[in-house]
Amino acid sequence: MDTTAALFYLFSAVLLLASLRVITARSTVHAALFLVLAFFNAACVWMLLKAEFLAITLVLVYVGAVMVLFLFVVMM
């Protein structure tokens, strides 16, 4: 198995575990942080697929804007 396939399986496994923790976390702040982890792993999968623009867009838009807004509302 080459390194790309191994990285894909690693990122996919972490993405699945983070997604499961998003829906099972008791604290909304922990759920939001697990969602950030899931977004970063999804971006890593996009990078493996040679779709750098989509990966950067996912990180900038979702992690940079939506998650900051979500955490701001939760903290209010």
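Predicted model: local features only at pLDDT ≥ 70, side-chain atom pairs only at ≥ 80, totals over all residues.

Analyst: Contact is taken here to mean heavy atoms within 4.5 Å of each other.

The setting comes first. The protein contains three helices and zero strands, and its pattern along the sequence reads α-α-α. Its C-alpha trace spans about 45 × 25 × 10 Å along the principal axes. Of the 76 residues, 24% are buried. Among contacts between residues at least 6 apart in sequence, 51% join residues at least 24 apart. The mean pLDDT is 90, and 100% of the residues score at least 70. Confidence is highest in H1, with a mean of 95, and lowest in H3, with a mean of 85.

At the start of the helix, the backbone nitrogen of Val 29 has a side-chain oxygen of Ser 27 within 3.3 Å.

The buried residues of H2 are Ala 31, Ala 32, Val 36, Ala 38, Phe 39, Asn 41, Ala 42, Ala 43 and Val 45. The cover over these residues includes helix H1 (3–24) and helix H3 (52–75). As background to such a list, an α-helix has 3.6 residues a turn, so residues three or four places apart point the same way.

Asn 41, one of the buried residues of H2, deserves a separate word. Its relative accessibility is 8%, and because buried means under 20%, Asn 41 falls into that class. Apart from neighbours within four places in sequence, Asn 41 is in contact with Phe 11, Val 14 and Leu 15.

Ala 43 has another set of partners. When residues up to four places away in sequence are not counted, Ala 43 touches Ala 55, Leu 58 and Val 59.

Ala 43 also belongs to the largest nonpolar core, a set of nine residues that includes Ala 32, Val 36, Phe 39 and Ala 42 as well as Ala 55, Leu 58, Val 63 and Met 67. H2 and H3 each supply at least two residues of this core. The contribution of H2 is the most, at five residues.

On the H3 side, the buried residues are Ala 55, Leu 58, Val 63 and Met 67, and H2 is included in what covers them. H3 has 24 residues and reaches 32 Å from its first C-alpha to its last, close to the 34 Å expected at 1.5 Å a residue. A kink of about 30° in H3 is centred on Met 67, a residue of the largest nonpolar core.

The passage from H2 to H3 remains to be described. Lys 50 is found in the loop between these helices. Its relative accessible area is 67%, and because exposed means over 50%, Lys 50 is exposed. Lys 50 is not a glycine, yet its phi is positive, at about 65°. Most residues other than glycine have a negative phi.

Note on methods: Residues numbered from 1 in each chain as written. Heavy atoms only, no water. Buried < 20%, exposed > 50% of the residue type's maximum accessible area, 1.4 Å probe, protein only. Helix = DSSP H or I, 4+ residues; strand = E, 2+ residues; numbered from the N terminus. Polar contact = N/O pair within 3.5 Å; in protein donor to acceptor, adjacent residues only side chain to side chain. Core = buried A, V, L, I, M, F, W, Y, C linked by side-chain atoms within 4.5 Å. pLDDT = per-residue confidence, 0-100. Expected span 1.5 Å × (residues − 1). Bend = angle between axes of the 7 residues up to and from the residue.
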